[in-house]
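Hi there,

Here is the structure I promised to pass on to you. Have a look at it first, and then read my notes below.

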Amino acid sequence: MELRLLRSFRQVAADLNFSRSAEKLFVAQPALSRQIQQLEDELGVTLFDRTRRSVRLTAAGTYLNDQLGPWLDTLAHLTKQTKRIHNGELGELCIGHPGSALYSVLPDALAAFTQACPDVISCLREVGELELQEALTLQKIDVGLTREVPDDGAFSTQLILEEPQALVVPGSHWLTTDTFISMAQCRNEPFVLPSPEKDVEYSKLLMRLFTVHGYAPRIMYESNYGATILRLVEKNLGLSVLPISYQFGSSLDVRFIPLPSTTKLHLIWRTANTSPVVARFVQVCQQVATNWAAGSVHILA
């Protein structure tokens, strides 16, 4: 039994007028009459009593009309939800991220994604770089943001942001953007830096800032959480190097001095994960990152 025939029947049952229903269905009246006749033949019943002056539902027609209403509504809902799942507008998404992402593109990406896909249930997990890869492998998260790009075909990545590093000093420190020349000036300063066991590649990037000037930093404290590092710097417990985007969310008494090096932020997800929700989130992040980097971030429709 064709769904088209059932929908035509429902329209005639509502109008009780073949001419009017034909106009609404954008078909010729004879074609509509043939559709109803075909449905009656398939069911082996008469659905309408027809005269020159009136069209009335039979008892069988009344029963079919009453039962079809909820069924067609359910079918329409199922069709709509299926399309939304296919388009990545419905489902769940767990996102892993380093703390620094909360100071750059992630909040704007979440706002844009929520606006585009309000019925996707999202959760956030702040995790270290190596923990993030493990969480992806174990399917504890669906997508992540990372500064550590693995050479592993099990993961797909997409660069979304490249930003300057910044030397972070207490607000009262003698180094400023005017007095800073190079990291050589920091040879005798204590530092608060991430643990290399947690952020391997990122730590190597940081170490190059020092080794090019012939020294290793004197590390007083290790932390892999930006908020912790900023607080320790504010308390004069050491200097640090962080992505410059941290300055956009910090109200602490610290100073950010741009460095001639950059750090990259990538999206990462399991290559085998073909979830439309993940694909939609990646798309939104790319759009937001483009605007963020250009200094014109706005919520996308």
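Let me start with one residue. Glu 131 is found in helix α6, which covers residues 129-137; helices here are DSSP runs of H or I with at least four residues, strands are E runs of at least two, and both are numbered from the N terminus. Glu 131 is partly exposed, at a relative accessible area of 35%. For this term, buried means under 20% relative accessible area, exposed means over 50%, and partly exposed is in between, with a 1.4 Å probe and protein chains only.

Before the rest, a word on what you are looking at. This is a predicted model, so local features need pLDDT of at least 70 and side-chain atom pairs count only at pLDDT 80 or more, while totals for chains, interfaces and linings use all residues. Residues are numbered from 1 along each chain as its sequence is written, and side-chain values use heavy atoms, with hydrogens and water left out.

**Overall form**

The protein has nine helices and 10 strands. Its radius of gyration is 31 Å, well over the 19 Å that the globule rule gives for 301 residues, so the protein is more spread out than a compact globule. That radius is taken over C-alpha atoms, and the rule is 2.2 Å times the number of residues to the power 0.38. Along the principal axes, the C-alpha trace spans about 100 × 35 × 25 Å.

Of the 301 residues, 46% count as buried. Among contacts with a separation of 6 or more, 74% come from residues 24 or more positions apart; a contact means heavy atoms within 4.5 Å. The accessible surface is about 15700 Å², and 52% of it belongs to carbon and sulfur atoms. Areas come from the Shrake-Rupley method with a 1.4 Å probe, and for residues only the protein chains shown count as cover.

As for charges, there are 27 positive and 31 negative ones, and their mean positions are 8 Å apart. Lys and Arg count as positive and Asp and Glu as negative, without His and the chain ends; each charge is placed at NZ of Lys, CZ of Arg, CG of Asp or CD of Glu.

**Aromatic pairs**

The structure holds six aromatic pairs. Rings of Phe, Tyr and Trp (its six-membered ring) pair if their centres lie within 6.5 Å; planes under 30 degrees apart count as stacked, over 60 as edge-to-face and the rest as tilted.

One of them is Tyr 103 with Tyr 246, a tilted pair at 4.4 Å centre to centre and 40° between the planes. Tyr 103 lies in the loop between β3 (90-97) and α5 (106-116), and Tyr 246 in the loop between β9 (240-243) and β10 (254-270), so the pair ties together parts that are 143 residues apart in sequence. Tyr 246 counts as buried, at 4% relative accessibility.

Phe 191 and Phe 210 have ring centres 4.9 Å apart and planes at 80°, so this pair is edge-to-face. Phe 191 is in strand β7 (residues 190-193) and Phe 210 in helix α7 (residues 200-211), so parts 19 residues apart in sequence are tied together by the pair. Both of these Phe residues are buried.

**Other residues to look at**

Gln 133 is also placed in helix α6, and counts as buried at 16% relative accessibility. Leaving out residues up to four places away in sequence, Gln 133 touches Glu 148, Pro 150 and Phe 155.

Leu 259 lies in strand β10 and is buried, with a relative accessible area of 8%. Beyond four places in sequence, Leu 259 touches several residues, including Pro 164, Phe 180, Met 183 and Val 241. The C-alpha atoms of Leu 259 and Phe 180 are separated by 9.5 Å, with the two residues 79 apart along the chain.

Which backbone angle of Phe 26 has a positive value? That is phi, near 60° in a residue other than glycine. Phe 26 sits in the loop between α2 (18-25) and α3 (29-43) and is exposed, at 76% relative accessible area. Gln 139 has a positive phi of about 60° too, and lies in the loop between α6 and β5 (143-146).

Best wishes
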